[in-house]
Amino acid sequence: MPSSSKPNSTPSTPASSANSVKSLSPQLRSPDSGRQLLATYFKGMAMGAADIVPGVSGGTIALIVGIYQRLINAISSIGPELWNVWRQRGGIKGIIDIWHHVDATFLLCLVAGIATSFVTLAGGIKYLLDNQPLFIWSFFFGLVVATVFILLTEVKRWNAARVGMFIIGMIAAVLISTAPILPATPSLPYLFFCGAIAICAMILPGISGSFILVLLGAYDTVLEAVHNFNLTIVATVFAGMLTGLLLFTRVLKWLLARYYQGTLALLTGFIAGSLVKVWPWKTALLGNVMPWHYPSGAHWPATIGLMILGAVLVSLISWWGMRHSAGVE
């Protein structure tokens with residue numbers, strides 16, 4: 001079983017000390033077993049499924065399955081310092097050192113899982129969003145509510161500062177979710193900026209990167225560019241995403257290392273605020289409405305049942321994720 005010991009300065013993670021996520025720097029980690037890598041792949045699939053839905057973030061799934069801090073550590077280790085890592089031994093050995101430094105096997109399995117979800121689930125989820133929006137949103141509403149309760153219990157020793165961080169995160173997510181769409185005419189510099197902001201949102205639990213692109217008025221342009229293989233636009237957005245990802249994850253890593261509990265309270269607030277976006281009873285003209293004002297009725301048995309299903313599923317995912325993150329075989 002890989003070692004899960006951590007330096008005393010490393011903050012606790014969303015699990016208890018017995019089931020805490022390994023947050024060692026990537027180069028100090030013991031190699032993952034085949035079962036752990038397979039578990040990482042399935043966690044990536046869960047993240048990809050969440051990212052497909054506007055308003056649901058893959059970062060939320062990463063947080064509840066116990067790989068969020070490891071993901072941030074791995075991405076933030078990518079930078080100019082990799083040249084120095086390679087120079088220490090050079091050649092193939094240097095490349096192997098870089099591979100371990102950025103936790104590349106973990107990232108590769110995670111990305112493979114995300115890509116699998118995009119390929120296999122995108123069509124089905126899009127169909128449900130277009131044809132059965134009330135039911136699919138009910139499921140995700142239950143999932144997000146359960147996530148908030150799970151993470152609230154992981155914030156230890158609530159105080160005024162942590163309550164304040166939770167409220168700030170919640171208000172920020174509500175404001176983002178209800179902001180008007182910008183009537184932008186995207187230029188290449190603007191698309192670079194949109195890519196950087198969207199990837200930051202995608203990393204934050206509770207905020208959807210695709211929804212940020214919608215708010216910035218760039219979603220249709222990016223989607224059309226991908227569909228038409230417009231490499232200029234795609235490359236520009238990708239460059240923005242890469243820049244934002246490498247810079248933002250370093251900030252998050254610093255916050256998680258020094259103010260873990262406060263940062264967790266803030267991220268949980270983001271997720272709680274996103275409930276505005278995933279509210280099931282919504283119309284094109286009025287937005288969110290009360291269940292009894294929904295045109296076809298509240299459909300209480302189906303909607304409540306799906307909310308419970310979503311809550312049970314996320315609870316099982318959290319339990320399973322923490323077991324594997326703790327190295328339980």
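**Terms and the values behind them**

Modeller: Aspartate 103 lies in the loop between helix H5 (91-101) and helix H6 (104-131). The model is predicted, so local features need pLDDT of at least 70 and side-chain atom pairs count only at pLDDT 80 or more, whereas totals for chains, interfaces and linings use all residues. Residues are numbered from 1 along each chain as its sequence is written, and side-chain values use heavy atoms, with hydrogens and water left out.

Biologist: What makes a stretch of the chain a helix or a strand?

Modeller: Both are DSSP runs, numbered from the N terminus: helices are H or I runs of at least four residues, and strands are E runs of at least two. The protein has 14 helices and two strands.

Biologist: Why is aspartate 103 called buried?

Modeller: Its relative accessible area is 8%. Buried means under 20% relative accessible area, exposed over 50%, and partly exposed in between (1.4 Å probe, protein chains only). Since 8% is under 20%, aspartate 103 is buried. Its phi is positive, about 55 degrees, although the residue is not a glycine.

Biologist: Phenylalanine 229 also has a positive phi of about 55 degrees without being a glycine. Is phenylalanine 229 buried or exposed?

Modeller: Phenylalanine 229 has 67% relative accessibility, which is over 50%, so it counts as exposed. Its place is the loop between helix H11 (219-227) and helix H12 (231-258). For the protein as a whole, buried residues make up 48% of the 329 residues.

Biologist: What joins the side chains of aspartate 32 and arginine 70?

Modeller: A polar contact of 2.7 Å joins them. Such a contact is a pair of N or O atoms within 3.5 Å; within protein, one must be able to donate a hydrogen and the other to accept it, and residues adjacent in sequence count only if both atoms are side-chain atoms. The value of 2.7 Å is within 3.5 Å. Aspartate 32 sits in the segment before helix H1 (34-52) and is buried at 18% relative accessible area. Not counting residues up to four places away in sequence, aspartate 32 touches Leu37 and Arg70, where contact means heavy atoms within 4.5 Å.

Biologist: How do the length and the expected span of H1 compare?

Modeller: H1 has 19 residues and reaches 27 Å from its first C-alpha to its last, close to the expected 27 Å. The expected span is 1.5 Å times one less than the number of residues. The buried residues of H1 include Leu37, Lys43 and Met47.

Biologist: Which ring does lysine 282 lie over?

Modeller: Lysine 282 lies over the face of tryptophan 137, at 4.3 Å from the ring centre. A charge sits over a ring if NZ of Lys or CZ of Arg is within 6 Å of the ring centre and within 35 degrees of the ring normal. Tryptophan 137 belongs to helix H7 (residues 133-152) and is buried, at 8% relative accessibility.

Biologist: Which residues of the largest nonpolar core touch the most other members?

Modeller: Met47, Tyr68 and Leu71 do, out of 75 residues in that core. H7 gives the most to this core, with twelve residues. A nonpolar core is a set of buried Ala, Val, Leu, Ile, Met, Phe, Trp, Tyr and Cys residues joined through side-chain atoms within 4.5 Å. Leaving aside neighbours within four places in sequence, methionine 47 is in contact with residues including Ile61, Leu71 and Leu110.
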